Amino acid sequence: MRNGPIGQYLVEKGLITEQQLQEVLEKQKTEKGKLFGDVIIEMKYVSDVDFAKTLAERLNVQYIDLDATELQPDIVKRIPEQTARKYNVIAVNKVGKRMMVATNDPVNFYVFEDLRMITGCNITALLATKSSINKAIGRMYSAGQVDEVVDAATQEKAEGEEDMELDLSQDRIENAPIVKLATAIVEQAYRQDCTDIHIEPFKNETKIRIRVNSDLIEMMTLDTRLHVSLVTRFKILSGMNIAEKRIPQDGRMSQVIDGTTVDLRVSNLPMVYGEKVVLRILAGDSSVRKIQDLGMTDYNYKRFVSCLKVPQGVVLVTGPTGSGKSTTLYAALGEIAKPNLNVITVEDPVEKKINNINQCQINEKAGMTFAAALRSILRQDPDIIMIGEMRDTETAEIGIRAAITGHLVLSTLHTNDAASTVTRLVDMGVDAYMVATSLIGVVAQRLTKVLCPDCKKQKMSDREDNELMQIDLDTPVPVYEPVGCPKCKNTGYTGRTAIHEILLATPKMKEIIAAGAKSEQIQVLAKEEGCLLLRDNVSKLVQEGRTSMEELVRVTYAV
């Protein structure tokens, strides 16, 4: 490599320290055959994107973000799927006799010579991350295969299997059309960045719908004859009882998609026309985000970090289901979990497995409730405790007592805003003076969709819009509305960002809480003390052109 190794270059750029470089090199010696880049990314010293960009700069090769690049199927398929997977490459573009190919190993000239022989083109290497290449290979080569799998499964059901010889060999099972269909459904949904997959039985068809950016969209419809077999397949994979069809069941499964192991939580519920299955895609181990990545404004970030610096007390994150509360808690744990601290979590279920943190799974059937787990945790010499959710009075009381006795407690509650969280705890039976004594701060949050930058349309706001944004009624401002284009799959939005409302328990706030203040009084004082409400935060996003008026109404409207 020109002018010295990449590790030293990363040190020069300030991305890692000399000590971290030595640790990576030591680990690489024990894992023979592994590339330096794979080891340093595994150790989480740099992200795969930062490493790829730095390597591209070092080698004077162009970096390409495959997630944001539109690939042409006819060009991609000039390289056979087997070859693309073997070398972890994908064709990006072709000009005359020259083909641009994305790779994560741009100095492996044997690969490019092989590709030149297969395609008949001279190869120019572009640098991309290993995960983005895997994802692109899965997306581009499987595009037409799902329809074939559905047709094969339907045909097999139509012909019937009574006269077929019973063959339970592994090869036969893996190649069975219904098995391929179950795998294809999860793969296709995952590649569309969905959070949930719904398999719904109706009288004349079975619908597969997926939740993307908080909206359910239809992915495919299947013949009703396939429904029982498909549900049975998911029940087998998730460890459920396939003979029991009268009561709800829960399970877990995992599947390797584009080189990533994806964990899924599976829920099964009997309906009129059969069993409905919902698969929740859980974030993997590698996706624990930093607080800076949560979409907080600088002002809210400073307020949140100040809460986490307090050594004992309760920090609560609130919002409806699916508003990103767990993500915020995990990010907070990542910020404060140090090697000299004992961090224990009690969750139902454990969504992300994090290194160096003790995570406890709730099991109601076995008597392992939140309250029972918490009592035991307090005897495990903890410094920081994370409670997945304060579901009942007993859990709330133990959590509050743990905070008063010198622990930092992080937890979630289902409330609409930060102020009503305090009164909810009191309503649950926790004494107001205990809430006042233990509370550090409350973070209320929502997820709002971000407008697609390629197709959003500008208009001037009217008086009603300005009233909702709480700005001068007679001064129209430019706002944007969704349109829809191929890049955003005609939804008008790409991705989501979080908005936050952070209430700090100042001495004056503690005083009025202890005196039994109502949520309206708490909110008035919070605003006086600098708390920006959810409406203020989303209004700012609308004025910046990042989200729409309809999202402002959806996220913050209250009667």
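Guide: Let's start with a pair of strands: S2 (residues 98-103) and S3 run parallel, and six bridges join them. Strands, like helices, are DSSP runs numbered from the N terminus, with at least two residues (E) for a strand and at least four (H or I) for a helix. Two strands count as paired if DSSP finds at least two bridges between them. One of the bridges links threonine 103 to its partner in S3, leucine 127.

A word on the background: this is a predicted model, where local features need pLDDT of at least 70 and side-chain atom pairs count only at pLDDT 80 or more, while totals for chains, interfaces and linings use all residues. Residues are numbered from 1 along each chain as its sequence is written, and side-chain values use heavy atoms, leaving out hydrogens and water.

Now step back to the whole sheet. It is open, has three strands in the order S1-S2-S3, and its pairing is mixed. S1 (89-95) and S3 (122-127) are the edge strands, each with a single partner strand, so one side of each has no neighbour in the sheet. From one strand to the next, the twist averages 30°. Angles here run from 0 to 180 degrees between N-to-C directions, using axes fitted as lines to C-alpha atoms, for helices over the stretch in contact.
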